Amino acid sequence: MDIFVKAITENMKNKYLLHGKLTLKSGHKEELADILIQASQLVSTATGCKLYAVSNDKDDANSVYVTEIWDSKDDHDNSLKIEGVRELIMKAMPILDGQPTKGQELEIAGGAGI
């Protein structure tokens, strides 16, 4: 493996990736997606934020997904302290179908764009 490629791959492995599915009450998919997109705007300039993607599954009307990549878990945890983030979480809670489950913490094996 080229030393440059190896260095990039090793750097990616040190990142923190969190992928989660939020299940919501019927009829609130667009509202939750909007709340999460607002959150993405708040955290986009946070230290260590590399990606905050909000996505939908066209075949699942009651779920929204969030995929985040951070330089570290600490950077992710600190993003929850950004002004306005807790308010958006509180706005989302009533439209969720139960408590959100912990997202999957995944190890990045490699790829482009990170």
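## Ground rules

Because the model is predicted, local features are reported at pLDDT of at least 70 and side-chain atom pairs at pLDDT 80 or more, while totals for chains, interfaces and linings use all residues. Numbering starts from 1 along each chain as its sequence is written, and side-chain values use heavy atoms, without hydrogens and water. Helices (H or I, at least four residues) and strands (E, at least two) are DSSP runs, numbered from the N terminus.

## The sheet

Let's start with the strands. Four of them make an open sheet in the order β2-β3-β1-β4, with antiparallel pairing; two strands count as paired if DSSP finds at least two bridges between them. At the edges sit β2 (49-56) and β4 (104-106), each pairing on one side only. From one strand to the next, the twist averages 15°.

Strand β1 (residues 16-23) runs antiparallel to β3 and is joined to it by eight bridges. Across this pairing, lysine 21 stands opposite tyrosine 65 in β3. On β2, seven bridges hold the antiparallel pairing with β3, and alanine 53 is found opposite threonine 67 in β3. β2 and β3 also form a hairpin, with six residues between them.

## A buried strand

How many of the eight residues of β3 are buried? Eight of the eight are, so β3 is largely enclosed by the rest of the structure. Buried here means under 20% relative accessible area, exposed means over 50%, and partly exposed lies in between (1.4 Å probe, protein chains only). Ser63, Tyr65, Thr67 and Ile69 point one way from β3, while Val64, Val66, Glu68 and Trp70 point the other way.

## Helices α2 and α4

α2 and helix α4 (residues 85-92) pack with their axes 10 Å apart, at an angle of about 170°. Axes are lines fitted to C-alpha atoms, for helices over the stretch in contact, and angles run from 0 to 180 degrees between N-to-C directions. The two helices are therefore roughly antiparallel to each other, a label for angles over 145 degrees.

Contact means heavy atoms within 4.5 Å. On the α2 side, the residues include Leu32, Ile35 and Leu42, and their partners in α4 include Val85 and Leu88.

## Serine 72

Serine 72 is partly exposed, with a relative accessible area of 24%. Its C-alpha atom is separated by 5.1 Å from that of tyrosine 16, 56 residues apart along the chain.

Terms used: Parallel < 35°, antiparallel > 145°, perpendicular 65-115°, else oblique.
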